[in-house]
Amino acid sequence: MKLASLKSGRDGHLVVVSKDLTRYSDASHIAPTLQAALDDWKVMAPKLQSLAQEIEVGSVPTERFHEHDCASPLPRAYQWADGSAYINHVELVRKARGAEVPESFYSDPLMYQGVSGSTLGPRDPIPLGDTAWGCDMEAEVCVITDDVPMGVSASDAADHIQLILICNDVSLRGLIPAELAKGFGFFQSKPPCAFSPVAVTPDELGDAWQDTLIHLPMHVDYRGEAFGRAEAGVDATFNMAQLVAHAAKTRPLVAGSIIGSGTVSNKGADGGAGKPVAEGGLGYSCIAEIRMIEKIASGEFKTPFMDIGDTVRIEMLDKSGHSIFGAIEQEVVSV
């Protein structure tokens, strides 16, 4: 099934959306919000699934679904923790500054705790106070969990993944070095991010969901042109269940926790750096990656970070070319 939160109050208004993203039915008689549904998921999920089936056969009233009416599926989440499943991205960033990747990164995932008390809707603008902050998009896959016990194994963690969505994890690259130099992690450099209009249950992905990874390309269009088509099921050092287990090593995760994959990133066909889409490659899911490749190749950055008025569109299509989660479409605006 596919679930969305229409903009209403702080936590949105839960609706069930048709498979083709054209219609929705109000789900408030089951649960007023997605968080309320997740709090009692074992009871609520079958009821929501039944409503989803009724939508498909036309046995319940529906209204036209408009993605721009959506907040993020969880407008404020109890937990938003972002990992780094695609170590290729980390390798490029470190190589550009002449640093090696510690061997532990290949067995012990990177993870930071992001802004969860507020998120951007999938069509909300990206507010930017200063272009010198180096605004960047990061296209990612995310999962939403039910209650996860502390110390859960990766194999058991897979059973706690109840919903899947995609994300634009906005980063302010110009602020990151000084923050990391303090030795206390990200804060100002990681503003609110945006999530897709709908979150879907794993069964909606069919055989594209394997080993808790989505085996489909992530479509990123920047300034109206194809920028990235990275394969989310390729070059992942960790899967989503492993990231959930990592997050829960020393603490339980409450229902409604969101865990991110980090920037989807692929190596090139020769095992080296990937090429731009315009050159026949799979491109990139963030600007930082192409800048690092430029730095490695020529000694200097050429592609600027996002400017006021720049647009980004992030979407994932099924094998028939239909949108799965709806699209994140955002414009950078001055504040």
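The side chains of Asp-207 and Lys-319 meet in a salt bridge, with 3.2 Å between N and O. This pair links distant parts of the chain, its two residues being 112 apart. The structure is a predicted model, and it holds 15 salt bridges but 0 disulfides.

- Asp-207 is located in the loop between strand S13 (198-200) and strand S14 (209-210), while Lys-319 belongs to the loop between strand S19 (311-316) and strand S20 (328-334).
- Both Asp-207 and Lys-319 are exposed.
- A salt bridge also joins Glu-91 to Lys-267, where the closest N and O atoms are 2.9 Å apart.
- Glu-91 lies in helix H3 (residues 87-96) and Lys-267 in the loop between strand S18 (257-260) and helix H7 (287-298), so this pair ties together parts that are 176 residues apart in sequence.
- Glu-91 is partly exposed, at 21% relative accessibility, and Lys-267 is likewise partly exposed, with a relative accessible area of 34%.
- Side chains of opposite charge can pair when their charged atoms come close.

**A network of charged residues**

- Arg-313 and Glu-315 form a salt bridge through their side chains, at 2.8 Å from N to O.
- Arg-313 counts as partly exposed, with 28% relative accessibility, whereas Glu-315 is buried, its relative accessible area being 12%.
- Arg-313 and Glu-315 also belong to a network of salt bridges that includes Glu-67, Arg-123 and Glu-329.

**Cysteines**

- A disulfide is a covalent bond between the sulfur atoms of two cysteines.
- For Cys-135, the closest cysteine sulfur is that of Cys-286, and the 12 Å between the two sulfurs is too far for a bond.
- Cys-135 is buried, and its relative accessible area is 0%.
- Cys-142 is in no disulfide either, although the nearest cysteine sulfur, in Cys-167, is 4.3 Å away; the cut-off for a disulfide is a pair of sulfur atoms within 2.5 Å.
- Cys-142 also counts as buried, at 0% relative accessibility.

- His-160 is found in the loop between helix H4 (154-157) and strand S10 (161-168).
- With a relative accessible area of 17%, His-160 is buried, because the cut-off for that class is under 20%.
- The side chains of His-160 and Asp-146 make a polar contact of 2.7 Å.
- A polar atom of the His-160 side chain also lies 3.1 Å from the backbone oxygen of Asp-147.
- Leaving aside residues up to four places away in sequence, His-160 touches Ile-144, Thr-145, Asp-146, Asp-147, Val-148, Pro-149 and Val-152.

**Helix H6**

- Helix H6 spans residues 240-247 and is mostly covered, as 6 of its 8 residues are buried.
- The buried residues of H6 are Met-240, Ala-241, Leu-243, Val-244, Ala-245 and Ala-247.
- At the start of H6, a side-chain oxygen of Asn-239 comes to within 3.2 Å of the backbone nitrogen of Ala-241.

How values were computed. Residues numbered from 1 in each chain as written. Predicted model: local features only at pLDDT ≥ 70, side-chain atom pairs only at ≥ 80, totals over all residues. Heavy atoms only, no water. Buried < 20%, exposed > 50% of the residue type's maximum accessible area, 1.4 Å probe, protein only. Helix = DSSP H or I, 4+ residues; strand = E, 2+ residues; numbered from the N terminus. Polar contact = N/O pair within 3.5 Å; in protein donor to acceptor, adjacent residues only side chain to side chain. Salt bridge = Lys/Arg side-chain N within 4 Å of Asp/Glu carboxyl O. Contact = heavy atoms within 4.5 Å.
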